[in-house]
Amino acid sequence: MDRYARWNALLELLTDSGRVSVEDAAARLDVSQATIRRDFDQLAQQQMITRTRGGAVANGVSYDLPLRYKTAKHSAEKQRIGTAAAALVSPGMVVGLNGGTTTTEVARALAVRPDLNSSADGAQLTVVTNALNIANELLVRSRMKIVVAGGVVRPQSFELVGPLGGALLREVTLDVALLGVDAIDVQLGAAAHHEGEASMNNLMVARAKRVVIIADSSKLGGHAFARICPIERIETLVTDSGADPATVQSFRDAGLTVVCA
């Protein structure tokens, strides 16, 4: 287990229990107590946790983990989802992408498709995003047209939020919005933990002809603080093959096309 995966696991332990000892963490992660002490010290320096005698307690921020600590979780599933979602994009489209680990995989899958990088016949892909890392992924690996919404950066997700970006999004039209979410439920719709991100995502939904939600199976049936859009606004859900069949069927019964990658 590499350092970031270990830090992610430690933060999740603290999210579940609120407090964890060095001995317990070392036993659960099968590493030395010295390694755990160093990890706790480094996480405390970044104000992710509070160090205690013999352990650590949660600061509360671990509920919405920064993006760099989420990348190891469900990584194989997210790569498959990213490839499947990218397959829904055709040359010449205008595509909206928000931030997150799963949409990062979508961006990587789009970047390696040669048919989307050609502009000789006017079929160049345009990507509108409010995520700095998404823009960077596409900028350095493709010749697509990249449009970045303005706003204030959220360090947790690298997303730009606020009225500056909203002004731009209200002036564009998207063929499809490919949106990563923190939760999606048949009754409650798609949602995010942060209200600023949800607001930006809602603007993308309002400007899109089609809405595709991208979520690994751990997000299905879950709840989050701020709603992005109702289930009726969503055309397609792209998830992984580990999703519960009954849950998948409930989304299909609600009228969604479900792609299990």
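**Note on the predicted model**

1. With a relative accessibility of 38%, Gly 221 counts as partly exposed, the class between buried (under 20% relative accessible area) and exposed (over 50%), with a 1.4 Å probe and protein chains only. Gly 221 sits in the loop that links strand E12 (208-214) to E13; helices (H or I, at least four residues) and strands (E, at least two) are DSSP runs, numbered from the N terminus. Between Gly 221 and Ala 183 there are 38 residues in sequence and 6.9 Å in space, C-alpha to C-alpha. Once neighbours within four places in sequence are set aside, Gly 221 is in contact (heavy atoms within 4.5 Å) with Ile 184, Asp 185 and Phe 251.

2. On the basis of these values: the model is predicted, with local features needing pLDDT of at least 70 and side-chain atom pairs counting only at pLDDT 80 or more, while totals for chains, interfaces and linings use all residues. Residues are numbered from 1 along each chain as its sequence is written, and side-chain values use heavy atoms, without hydrogens or water.

3. Overall form. The protein chain has 11 helices and 15 strands. Its radius of gyration, taken over C-alpha atoms, is 19 Å, close to the 18 Å from the globule rule for 261 residues, so the chain is as compact as a globular protein of that length. The rule is 2.2 Å times the number of residues to the power 0.38. Along the principal axes, the C-alpha atoms of the protein chain fill a box of roughly 65 × 40 × 35 Å. Of the 261 residues in the protein chain, 51% are buried. Among contacts in the protein chain between residues at least 6 apart in sequence, 68% join residues at least 24 apart.

4. Helices H1 and H3. Helix H1 (residues 3-17) packs against helix H3 (residues 33-45) at an angle of about 80°, with their axes 11 Å apart. Axes are lines fitted to C-alpha atoms, for helices over the stretch in contact, and angles run from 0 to 180 degrees between N-to-C directions. H1 is therefore roughly perpendicular to H3, the term for 65 to 115 degrees. On the H1 side the contact is made by Arg 3, Arg 6, Trp 7, Leu 10 and Leu 11, and on the H3 side by Thr 35, Ile 36, Asp 39, Phe 40, Gln 42 and Leu 43. By class, the residues of this contact of H1 with H3 come to 6 nonpolar, 2 polar and 3 charged. Here nonpolar means Ala, Val, Leu, Ile, Met, Phe, Trp, Tyr, Cys and Pro, charged means Asp, Glu, Lys and Arg, and the others, Gly among them, are polar.

5. Helix H6. How many residues of helix H6 (residues 101-111) are buried? The number is 10 of its 11 residues, and the helix is mostly covered. The buried residues include Thr 101, Thr 102, Thr 103 and Thr 104, together with Glu 105. Val 106, Ala 107, Ala 109, Leu 110 and Ala 111 of H6 are buried too. Glu 105 has a relative accessible area of 16% and is buried. Apart from neighbours within four places in sequence, Glu 105 is in contact with Lys 78, Gln 79 and Gly 82.

6. Positive phi angles. Asp 30 is not a glycine, yet has a positive phi of about 60°. Asp 30 lies in the loop between helix H2 (22-29) and H3, and at 71% relative accessibility Asp 30 is exposed. Phe 158, also not a glycine, has a positive phi of about 65°. Phe 158 belongs to the loop between strand E7 (152-154) and strand E8 (159-161); with a relative accessible area of 29%, Phe 158 is partly exposed.

7. Around E13. Cys 229 is part of strand E13 (residues 226-229) and is buried at 2% relative accessibility. From Cys 229 to Leu 188 the separation is 41 residues in sequence and 8.6 Å in space, C-alpha to C-alpha. Leaving out neighbours within four places in sequence, Cys 229 is in contact with Leu 188, Gly 189, Ala 190, Val 205 and Ile 234. Ile 234 is in the loop between E13 and strand E14 (236-239) and is buried, with a relative accessible area of 5%. Not counting residues up to four places away in sequence, Ile 234 touches Ile 184, Ala 190, Val 211, Ile 213, Cys 229 and Leu 256. Ile 234 and Thr 35 are 199 residues apart in sequence and 45 Å apart in space, C-alpha to C-alpha.

Notes: Angles under 35 degrees count as roughly parallel, over 145 as roughly antiparallel, 65 to 115 as roughly perpendicular and the rest as oblique.
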